[in-house]
Amino acid sequence: MISADAIFDRDTDSAVPAVRLRGVKAGYRKRHDVLRNLDFEAYPGAIAVISGPPGAGKTALIDVLRLFLNPTEGTAEVLGVNVSKLSGTARAKLKRDIGFMSESPVLADHMDAFDNVSLPLRLAGAKANAYAGDVEDLLKFLGVPERDGRIASALTGSEKRRAALARAVVGRPRLILAEEPTAGLSQEIAGRMLRLLASMRRAGTTIIVTTQDENLAEQLGAQLWRMRDGRIAPVIAETAA
Amino acid sequence: MTPIVPRAGGAALFWVVAIASMLAAIAVLSALLAHRSADSADAVLRSQYIARILAPESATALDDAAIALNAVDGVEAVRIVTPERAAALLRNWGGPNIQPTDLPALRLITFSADRSPAADWTQTVAATMRGAGFQAEVYGPGPAAVEAVRKSQELASVAIAIGGVLFGAALLTAGLAGRTRVASDRMLIRPLADMGATRGQVSRAFAARAAVEGFTAGLMGAFGASLLAAWALSLPPFVAWAAQLRQEDAAPLLATPLLAALLAGAGARSASNRFYANAARSR
């Protein structure tokens, strides 16, 4: 059995926040004020679990962090880069250091799991023989058949989610953003996914998870944050008197 | 390795481009043939001349004048208008009873110019004949012929314009097909953008696919146009047109696949850039 720790191994500099948002306001065309004066930061090797009711702004926060949504006010630094005025190419290059797993992941339907997972590496110019072993190990760990002839459209929902997580982590990104990573998965599979995220954390990757299941924070040993009305605050653990 | 953009799923658009390309090639070929036909009629009408030999009046003068006329620079196809030829010509208007013996001695020689002559060429020919001992009046194409030529040239220009517009419109279909093909796969662009694919990487992948499909469809269309043209030109009303075809008339058949590829690729590039912008650019 392949261990999650065997897949990722990296030294990190934890002095500089991987993510720092200061007074960030952001929104969409139809709703401009989703994020309201939001302050948030996460250091390398940290896991932040963000919970909140629907409409609290979790998706908007992830959209800012994945460089899809620019703040209208405030500053957003992702992996040490102020993202407000990035060129298209610089933005694309920075995204290669960010692994994103959407709540409704979209795979390339014409590709099998292996090709889908290796896509970020191909886009980064890696050679197939250099990454084939890593991709196979990752898929085996997550229990996704890598070469059974099925294209993505024929995978089950659970397999698609696992392949999407594998795709998000395969390039050893410095920041992982995952929306509801364990939703709809069996306990065993969810456990594997969490072990994978934990091993990446140990390798220095910053992981930000949005969920409505606050238990995830405990399972990951992570700092829990709550969002409401476009604002975020850390949840201070209650201590026994 | 599986290509980043799917190859399957473009059959409907492939056939749209193939048929549009075929129509484009046929439109240009038809316009070319119309132009060639008008040019040919123009050349025939513009080059017809008649010399009337006034002196000397001897029995052999007409034959001698024909020999002298044949030696004039730029003159070709010299023919004496014999009573038989004149009668045959006049029967078109006067009915079948006109006999050669009914006609006076016409003393006419028809000839044509082997190149586009100067405006005063009839005087040059008359002067040359005078130098050879013949008094002759030389007549060029009349105003009716010149007007007919002008009209046929106008019609040919209209045919070329319509052919060009049809060619452009048909090939624009290739561009639109390229755009539509990208639209059907636009869901793929969002994860690619999230993974850090640059705009160039995305648009190159889609443009290359559309260009290959456009070229193949264009080839199919050009092949179809060739078959259709070969069939049409074997039909009795158009057989004479086939003789007017030249090597360079293959140009639209060769250009069609290349232009279809170019336009389909450009359409796909433009559409993928737009979808990429939606998927990746921060708002």
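This is a short tour of a predicted model, taken stop by stop in the viewer.

**Before you start: confidence**

Colour chain B by pLDDT. Its mean is 84. Of the residues in chain B, 99% reach 70 or more. For the complex, the predictor gives an ipTM of 0.81. The pTM is 0.71. Keep one caution in mind: where pLDDT is low, predicted coordinates should not be read in detail.

**Stop 1: the interface of chains A and B**

Show both chains and select the residues in contact. Chain B contributes 25 residues, and chain A contributes 27. Together the two chains bury about 2,300 Å². Carbon and sulfur atoms carry 57% of that buried area.

Now turn to the polar side of the contact. Between chain B and chain A, 6 residue pairs are in polar contact, with both residues at pLDDT 80 or more. Which elements of chain B give two or more residues to the side that touches chain A? Select helix H6 (186-194) and helix H9 (251-280) of chain B. H6(B) supplies the largest share of that side, 7 residues.

How many salt bridges cross this interface? The rule finds 1. Zoom in on Asp194(B) and Arg66(A) to see their side chains meet in a salt bridge, 2.5 Å from N to O.

**Stop 2: a salt bridge within chain A**

Over all chains, the whole structure holds 20 salt bridges. One to select is the pair Arg22(A) and Glu41(A), at 2.8 Å from N to O. This pair links distant parts of the chain, 19 residues apart. Arg22(A) sits in strand S1 (residues 19-26) of chain A. Glu41(A) sits in strand S2 (residues 35-42) of chain A.

**Stop 3: Glu180(A)**

Stay on chain A and select Glu180(A). Its phi is near 40 degrees, a positive value in a residue other than glycine. Where does Glu180(A) lie? Look in the loop between strand S7 (175-179) and helix H7 (187-202) of chain A.

**Stop 4: a cis peptide bond in chain B**

Go back to chain B and select Ala55(B) with Pro56(B). The peptide bond that joins them is cis. Omega is about -5 degrees. Pro56(B) belongs to the loop between strand S1 (48-55) and helix H2 (61-70) of chain B.

**Stop 5: a nonpolar patch on chain B**

Switch to a surface view. Select Trp15(B), Ile19(B), Leu23(B) and Met220(B). These residues make a nonpolar surface patch of about 410 Å². Which element gives the patch its largest share? Helix H1 (residues 11-46) of chain B does, with 3 residues. Leu23(B) is placed in this helix H1 of chain B. The tour ends here.

Notes: Residues are numbered from 1 along each chain as its sequence is written. Chains are lettered from A and ligands numbered from 1 in the order in which they are written. Side-chain values use heavy atoms; hydrogens and water are left out. Patches are made of residues with over 30% relative accessible area and no salt bridge: like charges are joined within 9 Å, nonpolar side chains (Val, Leu, Ile, Met, Phe, Trp, Tyr) within 5 Å. Accessible areas come from the Shrake-Rupley method with a 1.4 Å probe; for residues, only the protein chains shown count as cover. A salt bridge is a side-chain nitrogen of Lys or Arg within 4 Å of a carboxyl oxygen of Asp or Glu. Helices (H or I, at least four residues) and strands (E, at least two) are DSSP runs, numbered from the N terminus. pLDDT is the predictor's confidence in each residue, from 0 to 100. Contact means heavy atoms within 4.5 Å. Buried area is the accessible area (1.4 Å probe) that two parts lose on being put together, summed over both. A polar contact is a pair of N or O atoms within 3.5 Å; within protein, one must be able to donate a hydrogen and the other to accept it, and residues adjacent in sequence count only if both atoms are side-chain atoms.
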